[in-house]
Amino acid sequence: MLGFTYISENVEEEWNLGEEGMLAINKGVYGIIMILSDIVTHLEQKDAVKIQKTSAKQLFSEAKHYLDPVIAYLKNLEPEIKAELKSSYGSTGETKYWRTFQKAINETHKSFNPEGMDDWFKREEKIFNERAFQLIREIETYMKGDFRKRLEDFYGRKWFEKGVPPKIAEKAVAEMLNKNREIEDEDKEVEHWDCLTIIAYREIALKNWQSIFEKEYTRPGEEKINGGKDEKTKWMMRLERIRNQNVHSYSVSEEELEFLESINDWLVKKETRNTFQLEEK
């Protein structure tokens, strides 16, 4: 009980939100119970306490140092991470709370390393990263084909010269030449269009926004947001950032994975649905 009181008093604002918050709910309570049990086990293993002989007051005095990192974590939690934790359901949600509290302690007290914690996070990171990489690849492939087709349809034979901003075009051509110098097999050589990044697609979209891309590349619900085309294409900047981090062994968060799923559902799967409907007709 002392442990619960200590946490609730130190994150009083969040605790008092009750079911509207992310802590004083079943998953939060489960996580606290489990982490208190882990702390007691850890203290016993290092002979800091004897559960049959140590008073509750002494036990709390020792445990308090391990609860402080959990409290600090909860106090500094970003709103999107709070929402992510709260939206995880069932036993998966309970485990997520528990493991998250374990990790918060471990980052301050390295000797606190409960059984299964590292394996759980490695497994979660691998699942998220593999799915994220798959989604990014599908989105990039779709954008590469769709952007080119739209530019060709609008500009005709001069689609690259007229549709691509000069600096982007120059960089793509230079990249093409550099890559092809290293390729012996002519059949494997790349063209300038193969050398564009997601940010390059954004620049192309900005240059041709109203005439070509506005209708299809404005996310649903963002049609009337302030800031015009710059704001409406910021999702591409976020996509590029996650893509670059994912390639370099970044750990994709659940919230980032949900973002990628939403882009894929809107952009790529929409095209698949439209094609299927046309074939039916």
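The paragraphs below go through helices, salt bridges, surface charges and contacts in a predicted model.

Residues are numbered from 1 along each chain as its sequence is written, and side-chain values use heavy atoms, with hydrogens and water left out. Because the model is predicted, local features need pLDDT of at least 70 and side-chain atom pairs count only at pLDDT 80 or more, while totals for chains, interfaces and linings use all residues.

Helices here are DSSP runs (H or I, at least four residues), numbered from the N terminus. Buried means under 20% relative accessible area, exposed means over 50%, and partly exposed lies in between (1.4 Å probe, protein chains only). The areas themselves come from the Shrake-Rupley method with a 1.4 Å probe, and for residues only the protein chains shown count as cover.

With a relative accessible area of 9%, His 42 is buried. Leaving aside residues up to four places away in sequence, His 42 touches Tyr 66, Ser 111 and Phe 112, where contact means heavy atoms within 4.5 Å. Lys 53, in the loop between α3 and α4, is exposed, with a relative accessible area of 73%. From C-alpha to C-alpha, Lys 53 and Val 252 are 45 Å apart in space, and they are 199 residues apart in sequence.

Next come the charged pairs. Side chains of opposite charge can pair when their charged atoms come close. A salt bridge is counted when a side-chain nitrogen of Lys or Arg is within 4 Å of a carboxyl oxygen of Asp or Glu. By this rule there are 15 salt bridges.

Two of these pairs can be found in helix α7. Glu 152 and Arg 148 form a salt bridge, at 3.0 Å from N to O. They are 4 residues apart in helix α7 (residues 117-155), so about one helical turn separates them. Glu 152 is partly exposed at 32% relative accessibility, and Arg 148 is partly exposed at 23%. Lys 149 forms a salt bridge with Asp 153, and their closest N and O atoms are 2.9 Å apart. Lys 149 and Asp 153 both lie in helix α7, 4 residues apart, about one turn of the helix. Asp 153 is exposed, with a relative accessible area of 56%.

Glu 214 is partly exposed, at 28% relative accessibility, whereas Lys 232 is buried, at 8%.

A patch of negative charge on the surface is made up of Asp 185, Glu 186, Asp 187 and Glu 189. Patches are made of residues with over 30% relative accessible area and no salt bridge; like charges are joined within 9 Å. Asp and Glu count as negative, and the place of a charge is taken as CG of Asp or CD of Glu. Asp 185 lies in the loop between α9 (166-181) and α10 and is partly exposed, at 34% relative accessibility.

Helix α10 (residues 198-207) contains Glu 203. Glu 203 is partly exposed, with a relative accessible area of 30%. Not counting residues up to four places away in sequence, Glu 203 touches Pro 165 and Ile 168. Glu 203 and Ile 183 are 20 residues apart in sequence, and their C-alpha atoms are 29 Å apart in space.

The last stop is Arg 243, in helix α13 (residues 234-247). Arg 243 is partly exposed, at 27% relative accessibility. Which residues does Arg 243 touch, not counting residues up to four places away in sequence? They are Ile 136, Glu 140 and Ile 198. Arg 243 and Glu 140 are 103 residues apart in sequence and 9.7 Å apart in space, C-alpha to C-alpha.

Key
Helix = DSSP H or I, 4+ residues; strand = E, 2+ residues; numbered from the N terminus. Patch = residues over 30% accessible without salt bridge, like charges linked within 9 Å, V, L, I, M, F, W, Y side chains within 5 Å.
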